[in-house]
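Colleague: I would like to learn how to read a few features of a model. Please give the general idea each time, then the case at hand.

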Amino acid sequence: MIISRLLFIIFLVSVWCSAQGYENKADNILIVYLSRTNNTKVVAEMIHENVGGDLVALELKNPYPQNYKSIVEQVAEENRTGFLPPLKTQINMDKYDTVFLGFPTWGMQLPPPIKSFLTRHDLKDKTVIPFNTNAGYGIGSTFRTVESLCSDCNILEGFSVTGGIERDGIYLAIKGNRKVEVKELLVEWLEKLKPLTIIN
């Protein structure tokens with residue numbers, strides 16, 4: 001009887017220690033994303049469900065126009081001139097070791113607000129993991145730009161999936177059965193990333 005109780009206590013302690021270890025690891029994870037049509041947001045939320053951490057949406061001091069043609073023209077000009085739009089969102093990066101960085105593909109390039117985030121935050125020696133949604137044309141130069149702006153980071157394999165096509169009036173596409181499909185692909189990707197812990 002005494003031995004059984006001791007074994008039970010040891011089991012409880014080991015479970016508690018494992019939980020504490022996970023909580024500490026999750027505290028060091030940031031999931032930051034930019035999302036216009038909510039497809040990247042859905043993927044960010046899936047990652048959060050599986051690895052924990054802090055989930056933060058990037059907001060601009062001067063939001064982009066709602067009109068699709070207007071935002072395309074503005075982003076093209078920002079890319080041409082190298083303008084980095086100021087961010088409303090401010091993040092203290094000191095507590096984070098791992099940063100999941102989410103964004104759509106805009107004009108086959110990395111969105112200027114993501115360039116702002118990478119330029120204005122010190123991610124040196126942190127693990128950066130990009131994830132992307134796009135209109136079917138792929139990542140373009142987005143992942144390469146992340147690598148060039150994070151030359152002092154440990155960049156892991158990224159994740160990319162087709163989302164909406166705003167140009168054609170198709171907005172939130174990652175829903176229903178498509179959401180289930182994307183989640184399966186995402187979990188497979190997360191399982192390859194070490195030493196992150198998958199909790200679901």
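Colleague: Which residues touch the most other members of the largest nonpolar core?

Modeller: First, the ground rules. This is a predicted model, where local features need pLDDT of at least 70 and side-chain atom pairs count only at pLDDT 80 or more, while totals for chains, interfaces and linings use all residues. Residues are numbered from 1 along each chain as its sequence is written, and side-chain values use heavy atoms, with hydrogens and water left out. A nonpolar core is a set of buried Ala, Val, Leu, Ile, Met, Phe, Trp, Tyr and Cys residues joined through side-chain atoms within 4.5 Å. Buried means under 20% relative accessible area, exposed over 50%, and partly exposed in between, with a 1.4 Å probe and protein chains only. Here the largest core has 26 residues, and Leu101, Phe117 and Leu118 touch the most other members. At least two residues of this core come from each of β1 (29-33), α3, β3 (98-104), α4 (112-120) and α5 (142-149).

Colleague: What is Leu101 in contact with, beyond its neighbours within four places in sequence?

Modeller: Contact means heavy atoms within 4.5 Å. With those neighbours left aside, the partners of Leu101 include Val32, Ile114, Phe117, Val128, Phe131 and Val146. There is also a second, separate core of 20 residues, with Val42, Val182, Trp189 and Leu193 among them.

Colleague: How many helices and strands does the chain have?

Modeller: Helices (H or I, at least four residues) and strands (E, at least two) are DSSP runs, numbered from the N terminus. The chain has six helices and six strands, in the order α-β-α-β-α-β-α-β-α-β-β-α. Of its 200 residues, 40% count as buried.

Colleague: Which residues lie closest to the centre of the largest pocket?

Modeller: On a 1 Å grid over the protein atoms alone, a pocket is an open set of points with protein on both sides within 12 Å along at least five of seven lines, and lining residues have an atom within 4 Å of a point. Grid points are joined across faces, edges and corners, and a volume is the space filled by probe spheres set on the points. The largest pocket holds about 590 Å³. It is lined by 28 residues, and Tyr68, Thr105, Trp106, Gly107 and Ala135 are the closest to its centre. Two or more lining residues come from each of α2 (39-51), α3 (68-81) and β4 (127-134), and α3 gives the largest share, six residues.

Colleague: How many cysteine pairs count as disulfides?

Modeller: A disulfide is a pair of cysteine sulfur atoms within 2.5 Å. By this rule the count is zero. For Cys150, the nearest cysteine sulfur is that of Cys153, 3.6 Å away.

Colleague: Is Asp125 buried or exposed?

Modeller: Asp125 is exposed, at 64% relative accessible area, and sits in the loop between α4 and β4. Asp125 and Cys153 are 28 residues apart in sequence, yet 4.8 Å apart C-alpha to C-alpha. Leaving aside neighbours within four places, Asp125 is in contact with Asp152 and Cys153.

Technical notes. On a 1 Å grid over the protein atoms alone, a cavity is a set of points where a 1.4 Å probe fits but cannot get out, and a pocket is an open set with protein on both sides within 12 Å along at least five of seven lines; lining residues have an atom within 4 Å of a point.
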